[in-house]
Amino acid sequence: MRSGVPVRALLAVGAVASVLGGCASSASGPVLPPATYVASKEQPGEEYVIGPLDQLNVFVWRNPELSAKVQVRPDGRITTPLINDMPAVGKTPSVLAADMKQALGQYVKDPIVSVIVENFSGTYSQQVRVIGATEKPASIPYRANMTLLDAMIAVGGLNQYAAGNKAKLVRHDRKTGEQQEYKLQIADLLKKGDSSANVSLQPGDVIIIPESMF
């Protein structure tokens, strides 16, 4: 009997160690650092890239007949007076203005062209997509200093079936070309006001919110 006691004790210790080890392994993985509710220092984001369905104001100085307000077509091109099917998607407004200037140069001497984006949609790589158990899944144009809280406000928060603390963020690393997943604690952020659950977002992030099993 005496020899059985230490055996049972060892088995109990082993079981506890196994449980703790399992908890440690489930908690491991990449973690995003918390972000403040309001950025301590507002900074501009990366330069805006024109996307399909963006509304553009193409202004040609002293040539109002060549100026136009146009919407980027789904194929990524625009048409203005004298210029047909100019590629616009993937360009910054300044790059598109330079291309328009070159194209108009054969009709007008030294044209001065400005391109102003009036209604933003952006490319998919510049949007934050929120899908799953939310009130209104959506693709949101990324804004400088955007956080998880901002995205959740934009989609109306979690729905009643959401498992907010089982959500994840999928991010594409442009440098390595790899895709990384991060755990999110959205329920803690929205229902408990846990500021440590708020994280900074990047253009192209995808937030996936599963439904609860119960």
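Predicted model: local features only at pLDDT ≥ 70, side-chain atom pairs only at ≥ 80, totals over all residues.
What does Lys69 pair with? Its salt-bridge partner is Glu118, and the closest N and O atoms are 4.0 Å apart. Lys69 belongs to strand 2, residues 68–71, and Glu118 to strand 5, residues 113–119, so this pair ties together parts that are 49 residues apart in sequence. Glu118 has a relative accessible area of 43%, and therefore counts as partly exposed.

How many salt bridges does the structure hold? The count is seven.

The next pair is Asp99 with Lys91. Here the closest N and O atoms of the salt bridge are 2.6 Å apart. Asp99 is partly exposed at 24% relative accessibility. Lys91, at a relative accessible area of 16%, is buried. The cut-off for buried is under 20%, which is why Lys91 gets that label.

Now to Asp205 and Arg171. Their side chains form a salt bridge with an N to O distance of 2.7 Å. Asp205 sits in the loop between helix 4 (186–191) and strand 10 (206–209), while Arg171 is in strand 8, residues 168–172, so the pair ties together parts that are 34 residues apart in sequence. Are these two residues buried or exposed? Asp205 is buried, with a relative accessible area of 0%. Arg171 is buried as well, at 10%.

There is also a network to mention. Salt bridges link Arg73, Asp75 and Asp85.

Strand 8, where Arg171 lies, is one of five strands in an open sheet, in the order 7-6-10-8-9, with mixed pairing. Which strands are at the edges? They are strand 7 (138–141) and strand 9 (179–183), and each of them pairs on one side only. From one strand to the next, the twist averages 20 degrees.

At the strand 7 end of that order, strand 7 pairs with strand 6, residues 127–132. The sense is antiparallel, and the pairing runs over four bridges. If you want a specific position to look at, Arg129 has Ser139 in strand 7 as its bridge partner.

To go back over the pairs: Lys69 with Glu118, Asp99 with Lys91, and Asp205 with Arg171. That is what I have for today.

Note on methods:
Residues numbered from 1 in each chain as written. Heavy atoms only, no water. Pairing = 2+ DSSP bridges. Helix = DSSP H or I, 4+ residues; strand = E, 2+ residues; numbered from the N terminus. Axes fitted to C-alpha atoms, helices over the stretch in contact; angles between N-to-C directions. Buried < 20%, exposed > 50% of the residue type's maximum accessible area, 1.4 Å probe, protein only.
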